[in-house]
Amino acid sequence: KMFSGNIGLDRNPARRPRLELDWTSDHEIASTRQRVHLEHGRTARARLPEAPGAVSWAVSFVPEEGSELPVVEAAGAEGAWSPVPPGGVHTARPVAVRLTAAHDPIARGTPFRAGFRDTWVTSAPPEEQTVRFTFIEPEGEVHRLEGVYAGEHRWSVEFVPDRLGRWRYWFEHDFDSPGWRSADGVFDVVPGDRAAIARQLASLAETVRAPAREDAKAAVHRYGPEFWRLERAATQSFAGEGLATEEARAMDADIAAVRRSLDPRKELPATLRLRPAKIEYPHKDETRP
């Protein structure tokens, strides 16, 4: 039997006990190990080994000291991507596996939802308790709101973050004396799919063209981080396809429009055109009979 106290949000179990297992299999058909160097916010696909006759698959990732775990996803024959937990096993061969260098990514414009359950409430009835949530934007602006009591000693929160980049959050309550603050959690707000990137670039282009905006230096400080994140995301979305399509040319035109508005005197260094993310393959597949 194992028991774990429900300490922390569903999305941030930092203070909960964890069980770690180290195991090996003597029925392995094939395996491969790959070194990955991936810039934050970017995505790359991993190579799958040839394994005729395999009925299940396991995918895991071990980060170097000081590095974060990426989001690991697998796609089946139907093409839909789904998250793979550490050591996750598939009953059929995945068509593709991809890694995204982000923590708990949330597409811009979609809500952050989380909840927790706590039965140790002594200072007042659960329905009279207040749970205070704090969200910190990448640039430091603070958002505070109260959680909603959902019954049966459960509280939830829903919040739509609008700034791209890494957010920090925590919650506090006074269920007992003294009050309690949760561990800090983080999540990354990302642009989303290609259509969402295009919409955000077009919107930003209109915003920075507004005649009453700040002087050039203030505009770069305010809109620059969002622009550079969107530009990188756009470059990533067309990796390997080039910019010959009408969709790519339209997006590139919006990128150029934002840059001209932010830097009319062309004093900023040109943004580098990034090449597609690469995965290194120093190890050959190890095949067993």
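Two rings of Phe, Tyr or Trp, the last taken by its six-membered ring, are called an aromatic pair if their centres lie within 6.5 Å, and a pair whose planes are over 60 degrees apart is edge-to-face. The model shown in these close-up views is predicted, and a search of the whole structure finds 16 such aromatic pairs.

**View 1. Phe112 and Tyr169 form an edge-to-face pair.** The ring centres of Phe112 and Tyr169 are 4.9 Å apart and their planes stand at 65 degrees, so the pair counts as edge-to-face. Because Phe112 belongs to strand E10 (residues 112-117) and Tyr169 to strand E15 (residues 165-173), the pair ties together parts that are 57 residues apart in sequence. Phe112 is buried, with 0% relative accessibility, and Tyr169 is buried too, with a relative accessible area of 2%.

**View 2. Phe159 and Trp167 form another edge-to-face pair.** Their rings lie 5.7 Å from centre to centre, with 65 degrees between the planes. Phe159 has a relative accessible area of 11%, which makes it a buried residue, and Trp167 is buried at 1%.

**View 3. Ring pairs link several aromatic residues into a cluster.** The members of this cluster are Phe116, Phe133, Tyr149, Trp155, Phe171, Phe175 and Trp180.

**View 4. Arginine side chains lie over tryptophan rings at Trp81 and at Trp170.** The charged end of Arg98 sits over the ring of Trp81, at 4.1 Å from the ring centre, while Arg181 lies over the face of Trp170, at 3.8 Å from the centre of that ring.

**View 5. A salt bridge joins Arg232 and Glu39.** This is one of the 17 salt bridges that the structure holds, and its closest N and O atoms are 2.0 Å apart. Arg232 is in helix H2 (residues 216-237), whereas Glu39 is in the loop between strand E2 (35-36) and strand E3 (43-46), and the two residues are 193 residues apart in the chain. Arg232 is partly exposed at 38% relative accessibility, as is Glu39 at 34%. Both residues also belong to a network of salt bridges that includes Arg42.

**View 6. A salt bridge joins Arg194 and Glu247.** The side chains of Arg194 and Glu247 meet at 3.5 Å, N to O. Arg194 lies in helix H1 (residues 194-208) and Glu247 in helix H3 (residues 246-262), so the pair ties together parts that are 53 residues apart in sequence. Arg194 is partly exposed at 21% relative accessibility, and Glu247 is partly exposed with a relative accessible area of 41%.

Terms used. Residues numbered from 1 in each chain as written. Predicted model: local features only at pLDDT ≥ 70, side-chain atom pairs only at ≥ 80, totals over all residues. Heavy atoms only, no water. Phe/Tyr/Trp six-rings, centres within 6.5 Å; stacked < 30°, edge-to-face > 60°. Helix = DSSP H or I, 4+ residues; strand = E, 2+ residues; numbered from the N terminus. Buried < 20%, exposed > 50% of the residue type's maximum accessible area, 1.4 Å probe, protein only. Lys NZ or Arg CZ within 6 Å of the ring centre and 35° of its normal. Salt bridge = Lys/Arg side-chain N within 4 Å of Asp/Glu carboxyl O.
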